Amino acid sequence: LKLFFFYFLYKGATSKCPSSPLCYKKTETATTYTCEWVTSESMKNVTYELFYRRSNSSENRTSLGRDRKSYICVNDNTVINKVPVDIWVVASMGNWTCQSLRTSVILSERVKYEAPQSMSMSRSSSNLTLSWDNKKVPEGAVIEVRFRRLGETSGTWKTFKTEVKQAIVTLENLQNQSVYQLQVRQKSKLVKHPLWSDWTPILDVPPEIQNPPEVNWTVKDFNNGTRLLKLTWGTPPYPVSMQVNYNLSLHIWPCLLKRKNFTNVTTTEFSVYVTYSAVSGDIVAFNKVGKSSPTHILVPAKHLTFPSKSWPDDKLIPFNYSHGFAKSCLEWYKLTDGETRPEKVNRSKLNGAVNEKLKSIRLKMDDYVRYYYLVHKQTDGKPQTTEMCLMYKEQGAPSKAPILNVNVTTNSAMLHWKPIPVPDQQGFLTHYEVCYTKRNQTECHNISASKTEYLVQNLTPGSMYIIHLAGATAVGLGPRTTIHIVTKLLPQSIIGWIIAGIIVLIAILITVCLFIIKRHKIKIFPPIPHPVVEESVNYRARNQDMYEMEEVHELQLHDNCSQDPNPEEATVLEVSETYECEDMDEKCLGDSSTPVSDPLSPDHKGQVLRLETTDPSQGEIDCEVTMLMYRNGLVFDMKAYSTEDVGTPL
């Protein structure tokens, strides 16, 4: 038991002792050595002392230094670096001590470089180039690189080893859009026993940025001479952990020619206040392995949408300004295409005599050329444009005619034209003039300068017209564009349909008129009754077919004798029969209220109705026969007096 306990204490003590020291030079030409060893993390407040003596020698040990660190630096003049020596470490803490194993070494033959420092990377296509600081590394070293794709952390490392003369190495055949992890170490190739340096920390290698940033910009106008410019762009399509920075360079203050750089922008948006002048700049995306090609940014100036007056000799442009170029300045330039600012922009300091300054500017201007004029100043730290206008030193008529295209129909022509280019306008366009001529009859119209089309109407089908178009300024009209057109003929099918439609319309009108006349014939043309004419039976029989049939609807015979008869003896005979009406489809009905001894024959119009008294003993009495009544309400009174039988012809 005692032996076992002693062995346990010995093994526990030796496990806490430091490892054998490793001594080396950092470079081949170094004059100092470094000896380092590995200790247990549980050993604290321990003092380490480094000893050496020549190998196979009985001389006493020599101390190289004492420290609580796990390494000790030794000067070259302290040790014998070209002969074998034994080196070991003794750890002590209180009354407790332990000693590491001895290491036999020739110090001058061992060199351990530091790990590569200040690593930089560059990717191009499928190649990765690594470089580092080589100030402490002489020419000639062996480099070992181990790498793996991100996401394959459980896999094995791939290694690449090569000799280099400079601190640079290239890895080939990598996947373009893959993210890698790598570590690098190095050792000398000039000494007998070189030692590998420590590995560098794990480095993430992002893919190459192949496309430049796509920049979008928006401008918010405060209508006081200041705008808020906001730039946004997207990030490359790889993991978020791969940091991408942006180098943004913008020229936002026109009064200073030097651009203000905004380097290392880490976000994907940027906002800044600008004037009404154009803003230009560049943006570049970069990461650990390189940078993209630059994206040029150009935010155009806010140009006027309406023309200004020319600059006369006796009147200068008013403006507000402050002394000092940094606070206020004047900017003016030619507008070659109407909007784009040229690369060369004229700027003038606003100091001294302002009128003299403007006169000198005017002398530098060309006639018939459009200029843009702005005045800028700083207000509460924000850039602001206080004045701007379009101007001509001298205006002229346009030098070119607009390019005209025409679409022709049967009775109209649509005119389309391209605006006259600004350099050829030579002034502010006031209007376009359109004229069209037919057989020496000309009609002209003025069209707004902002229009580029016009519809000519009310043309005659199949006719020839001559159309002229010209632009005009305050000075006058420019050259005219002339074009001949012929309107299209109406198709024969259309003409036939028009004639057929007219005929059908006339027929419909005639039919409607006839229907109205027939419907209201009685009201428009009332019937006139025929008078009753006496005629003999024989004459009527012979001429029966020559007369119209006259119908009697009601016949009343009254007996009015000269003596007052007895009312009871008075006899009234009412005869009513059915006769044919004028309308052959109808029947006129009547009723016989008093029987007649001798009914009327069918030829009733030629008969004579006679009245006889009921009592023949009373003698002959003069009687009066009255009232023939027709359907239409006409009444004819017929009277006869006789002492004998009286007959009333009907």
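# Reading sheets, disulfides and a surface patch

Reply: Let's start with a sheet: 4 strands form an open sheet in the order 13-12-15-17, and the pairing is antiparallel. Two strands count as paired if DSSP finds at least two bridges between them. Helices (H or I, at least four residues) and strands (E, at least two) are DSSP runs, numbered from the N terminus. This is a predicted model, where local features need pLDDT of at least 70 and side-chain atom pairs count only at pLDDT 80 or more, while totals for chains, interfaces and linings use all residues. Residues are numbered from 1 along each chain as its sequence is written, and side-chain values use heavy atoms, with hydrogens and water left out.

Me: Which strands stand at the edges of that sheet?

Reply: Strand 13 (158–164) and strand 17 (203–205) do; each has a single partner strand, so one side of each is left without a neighbour in the sheet. From one strand to the next, the twist averages 30°. For such angles, axes are lines fitted to C-alpha atoms (for helices over the stretch in contact), and angles run from 0 to 180 degrees between N-to-C directions.

Me: How many bridges join strand 15 to strand 17?

Reply: Strand 15 (residues 180–188) is joined to strand 17 by 3 bridges, and the two run antiparallel. To find one of them, look at L182, whose bridge partner in strand 17 is L203.

Me: What is the strand order in the open sheet of 3 strands?

Reply: The order is 1-2-5, with antiparallel pairing. Strand 1 and strand 5 (71–75) are at the edges, each with a single partner strand, so one side of each lacks a neighbour in the sheet. Here the twist averages 20° from one strand to the next. Strands 1 and 2 pair over 3 bridges, and L22 has E36 in strand 2 as its bridge partner.

Me: What is a disulfide, and how many are counted here?

Reply: A disulfide is a covalent bond between the sulfur atoms of two cysteines. The rule used here asks for a pair of cysteine sulfur atoms within 2.5 Å, and the count comes to 3 disulfides. One of them joins C17 to C98, with 2.1 Å from S to S. This pair links distant parts of the chain, 81 residues apart: C17 is in the loop between helix 1 (2–16) and strand 1 (22–24), and C98 is in strand 7 (residues 96–99).

Me: Why is the disulfide of C23 and C35 called right-handed?

Reply: The torsion about its S-S bond is about 115°, so the disulfide of C23 and C35 is right-handed. Their sulfur atoms are 1.9 Å apart.

Me: Which residues form the nonpolar patch on the surface?

Reply: I498, I502, I506, I510 and L514 form it. I506 is in helix 4 (residues 492–519) and is partly exposed, at 46%.

Technical notes
Patch = residues over 30% accessible without salt bridge, like charges linked within 9 Å, V, L, I, M, F, W, Y side chains within 5 Å. Areas by Shrake-Rupley, 256 points an atom, 1.4 Å probe, with all protein chains shown as cover. Salt bridge = Lys/Arg side-chain N within 4 Å of Asp/Glu carboxyl O. Buried < 20%, exposed > 50% of the residue type's maximum accessible area, 1.4 Å probe, protein only.
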